[in-house]
Amino acid sequence: MDTRATSPNSMETHFVDIHEVLPEEEEEITRVEDKAKKGMMNKPIRVRDAKRTHRNFSRQVSLETGFSVLNRESKAKDERKVLPRSGRSFGGFDSTIRIGGEARKGDFSIFKTKSTLSKQNSLMPTRKEKEMESQRIDGSGRHDDESVNKSVPAGRYFAALRGPELDQVKDYEDILLPKDEKWPFLLRFPIGCFGICLGLSSQAVLWRALATSPATEFLHITPFINLALWLLAVAVLISVSFTYILKCIFYFEAVKREYFHPVRVNFFFAPWVVCMFLAIGAPPMLAPGSLHPAIWCAFMGPYFLLELKIYGQWLSGGKRRLCKVANPSTHLSVVGNFVGSILASKVGWQEAAKFLWAVGFAHYLVVFVTLYQRLPTSEALPKELHPVYSMFIAAPSAASIAWVTIYGEFDGLSRTCFFIALFLYISLVVRINFFTGFRFSVAWWSYTFPMTTASVATIKYAEHVPSTISKGLALSLSFMSSTMVCVLFVSTFLHAFVWHTLFPNDLAIAITKRRLVKEKKPFKRAYDIRRWTKQALTKHNSENKDFGGN
């Protein structure tokens, strides 16, 4: 191996010429080294270049940058191949990174639980190479630190996402993971899957009311329908909960992203609401007596702690205050108070039931007014969020049912809440275009829960105000709710087992912390250009003089 400058005009870049050593050269070098050891030569030793035959291998390595250039006897020997970036993700080049001639899939470790990253020693060279490539592309290796952040601004989600559930990335946005590659299943499993549990558990409550209510006893509905729906809801809840627990274990960083999402944060209340629905709608053959208060404590305790956290953010202000993050799905964080008050009344804790009803009603008024009259400082509600307006029905319907359960009569306040829910229901039904033009997703299950709650409230109203109109209204709303659940159940089955499109890539969790914009080069004034040219010429002349002297 010998060292030389590849070009006399380049004084700042030096290359080391690496090539195969021929047997004749090896013998000459060994002979010279032996003479030097014996002290037979006092002058500096210079190994002259011998005549070289054709070599199969020759490579030059830059001492300054560490990059190597393969010397090939071809016309395009000076051309370098540049890997193009798709511009759609940071997960790799065209979703794969080629190392040693093999394609390597995109790196999903940025969303894995931090404790597992230390075990992935085999991927360290890959990550280093990608960091170097990212520095070459945007001149900075800090995009991971800035983009993978546990506290993405709330307004960033509204700015980068669109769709009924803010789950689609806008065209001009980039994400951290490859779009054209199928992600691991746990990364594609959203917390919105608990909407399936909400729809099925509320149906169990509805069919229990239809089977036991005096207003619908003429239908002679068998209680086995309630039992079948209840068992199905329990099975779905167990499977969804188990899968999401696995996601929390292996991809906790992705779970954090969902927690800071302005729409999905409300679905963290859903598992506890589902459990309370299942306790309320338990079949009489399985729970003939009153429920134990421990059941209420087990389900309402985690809900109340999460409620303190979310309501505290609304009250204290900041970037996640209510006027910044309010959207129709925010009603999910309010409905649980009314469902909890119903369960507290059934276990015999009347004061706790009244307390939760008061807290829920106060925050419902705040959310209702905020969504009706949005402040100028808040983010504009996307047009694609219209389908979730059905959430407006859930809170007043649940409040009406809870008041009847606590006080035992359908008085003025209970009727006021019921009539508000009924008016909102009618105003949404006449606007069919609100619910058209959107692709199916698992989150559509959460839209059946408000319809079911309104149906149960109508059955309670028909009990206290028996008439043909009230009974007909109860049957109509119940039929619409059950039909919607059946349609969604068939659609879910087809998307899951026939078309395999139920869980697409969850792009919403992979957005960057701030929008990536190419930095504009600073405009150089005329005198700056003249000064730069003068300095460059002076430096070039001095280098030529030094080289001639040497």
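Helices and strands here are DSSP runs, with at least four residues (H or I) for a helix and at least two (E) for a strand.

**View 1. Residues 474-498, a span that is 100% helix.** Welcome to this predicted model. The unreviewed UniProt entry includes residues 474-498 under "transmembrane region".

**View 2. Residues 444-462, another span from the UniProt list.** Here the chain is 79% helix and 0% strand, with 29 Å between the end C-alpha atoms. The record's "transmembrane region" entries also include residues 185-207, 227-246 and 267-287.

**View 3. Helix α9 against helix α10.** Take a look at how residues 270-280 (α9) meet residues 293-316 (α10): their axes come within 9 Å and cross at roughly 160°. Angles over 145 degrees count as roughly antiparallel, so α9 and α10 are roughly antiparallel to each other. The crossing of α9 past α10 is left-handed.

**View 4. Side by side: the residues where α9 touches α10.** From α9 come W272, V273, C275, M276 and A279, while α10 brings I295, A298, F299, M300, P302 and Y303. What kinds of residue make up this contact, nonpolar, polar or charged? The contact has 11 nonpolar residues, with no polar and no charged ones.

**View 5. The protein as a whole, for orientation.** Stepping back, you will find 18 helices and 8 strands. Of the 550 residues, 44% count as buried. Among contacts with a separation of 6 or more, 77% are between residues 24 or more positions apart.

Note on methods. Residues numbered from 1 in each chain as written. Predicted model: local features only at pLDDT ≥ 70, side-chain atom pairs only at ≥ 80, totals over all residues. Heavy atoms only, no water. Axes fitted to C-alpha atoms, helices over the stretch in contact; angles between N-to-C directions. Parallel < 35°, antiparallel > 145°, perpendicular 65-115°, else oblique. Left-handed = near helix turned anticlockwise from the far one by under 90°. Contact = heavy atoms within 4.5 Å. Nonpolar A, V, L, I, M, F, W, Y, C, P; charged D, E, K, R; others polar. UniProt positions renumbered as here; feature names shortened; annotations may be inferred. Buried < 20%, exposed > 50% of the residue type's maximum accessible area, 1.4 Å probe, protein only.
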